[in-house]
Amino acid sequence: MAGLACALAASRRPGLAVELFEASDRFGGLLNTVETPWGLAEEAARAVINQVEWEALCGDVGAELLEADKRSRKRYIYRGRPRQFPLGAGEAVALAQGVGRFLLNRRGLRPAAGETVADWGRRHLGQGAADYLLAPALAGIYAGEIERLSASLILGRFFDPAVKRQPTRIKTRTVTPRAGFVDLISKLEATLRARGVALHLNTRRQLSLDDLDHPCIVATSARQAVPVIRAVAPAAAEQLDGLEMLSLTVVCAWYEHAPGDLQGFGCLFARDQGFRALGVIFNDIIFPRQSQYRSETWIYGGERSPETVDMTDSALQELLHTERRRLTGMAATPKGVHVKRWPKALPYYTPDLEQTMAMMVLPENLHLAGNYVAGIGLSKVVEHSQALVESVLSR
Ligand SMILES: Cc1cc2nc3c(=O)[nH]c(=O)nc-3n(C[C@H](O)[C@H](O)[C@H](O)COP(=O)(O)OP(=O)(O)OC[C@H]3O[C@@H](n4cnc5c(N)ncnc54)[C@H](O)[C@@H]3O)c2cc1C
């Protein structure tokens, strides 16, 4: 998405020669939709926190966005059982005091450089809110544990008065491409071709110094960028090579609807509850038009269960069956299951990543984009990619 978004932004500049190289036989990277007999299976991203740049990109290529259903506003965290508010009375008071301090003196609560989310959260919101709100929520997004996640990298923008507020015209917070991410990718591809961008599939690039006669944006994962930039920026390549990456395993499962189905966005698992899943998303509640069955996406891996990326499909199905029965009390047999493994897919948002990116020096005309540079979610990836292209072209 970073590469496509950069190319789209550059394609708006008349007369500019733009080329996009992709190592595999399809564009989209982590984004892929598979059609199954039971409905669409998104193999990675499912829902996007909407932003102006994301909406504009989808509008530009003619990809219609589907809004999340109101019923998905309910979110659950498992603590003994799925609960909308998983804190006890004392923990809630500590949280309320922290929120009060945030409202009165936002800057005073700004995380220190190098501080972890666990340290920041326990200090300002209390142990309960850190362990049963922040930890499951951030494991569901970043796949890491709060003891390792960087507070300033992840939460810093909430304390920065310079960060622009999204205009109020963005009313819908959660969206997805109506016909799946694969449709958005093919529309992006068609738009780029129509605008004269040269698209090269099956082309694994490694940059040489000659390439840097012109601006080059490397829009890969942090790990994949290492061989691409090694010859032109060996020190930066070594720094990126040292970054920790997390693997994810996605298990999509379809069931007949049942009266006991939880209604909401999904359920996250507090880590002391003994689940190996980070969370489960209820696709049929969020985007009912995309599924006629009960459709669930179970996310495994990250720091909590890295071994799941090496498990067989049948072992994963057994694990899913056990954990789903614990969550719902039902022992339903799925109509179908689709598994996708993503080894070393996401950067671990640790203080080390923050420091590495802050200190990195790149040669002129070499730029980095992607989910390790300015945010892991798609809206952030697109926002940064567009801003980067504008800044490169304004030089
Ligand atoms: C399981 C999972 C669930 C997620 N859910 C959500 C969600 O619900 N909402 C959300 O907003 N985000 C979600 N994300 C995050 C989001 O999907 C990713 O951050 C985003 O898609 C990353 O895009 P990218 O362009 O940075 O990198 P990638 O998608 O990794 O793309 C990098 C591309 O570079 C190519 N490449 C690599 N090396 C070379 C080379 N040498 N030459 C040419 N090409 C090369 C690769 O083949 C690939 O196509 C999820 C991620 C995962 C793994």
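Analyst: In this predicted model, the ligand is surrounded by 34 residues, and the closest are Ala2, Gly29, Ala45, Gly370 and Asn371. Five elements are listed as giving two or more residues to this shell: helix H1 (2-11), helix H8 (222-229), strand E11 (245-255), strand E15 (336-347) and helix H13 (378-393). Strand E15 provides the largest share, with 3 residues. Sorted by class, the shell around the ligand holds 21 nonpolar, 9 polar and 4 charged residues.

Domain 1 puts 7 residues into the contact between them, and domain 2 puts in 11 residues. On the side of domain 1 that touches domain 2, there are 5 nonpolar residues, 1 polar and 1 charged.

One helix pair can also be described. Helix H2 (residues 52-61) and helix H7 (residues 181-194) have axes that come within 9 Å and cross at roughly 65°. The crossing of H2 and H7 is left-handed. H2 brings Cys58, Asp60 and Val61 to the contact, while H7 brings Leu184, Lys187, Leu188 and Thr191. By class, the contact of H2 with H7 consists of 4 nonpolar, 1 polar and 2 charged residues.

How values were computed
Residues are numbered from 1 along each chain as its sequence is written. This is a predicted model: local features need pLDDT of at least 70, side-chain atom pairs count only at pLDDT 80 or more; totals for chains, interfaces and linings use all residues. Two residues are in contact if their C-beta atoms, placed from the backbone, lie within 7 Å. Ala, Val, Leu, Ile, Met, Phe, Trp, Tyr, Cys and Pro count as nonpolar, Asp, Glu, Lys and Arg as charged, and the others, Gly among them, as polar. Axes are lines fitted to C-alpha atoms, for helices over the stretch in contact, and angles run from 0 to 180 degrees between N-to-C directions. Helices (H or I, at least four residues) and strands (E, at least two) are DSSP runs, numbered from the N terminus. A crossing is left-handed if the near helix is turned anticlockwise from the far one by less than a right angle, and right-handed if clockwise. A residue is near a molecule or strand if its C-beta atom, placed from the backbone, lies within 6 Å of it.
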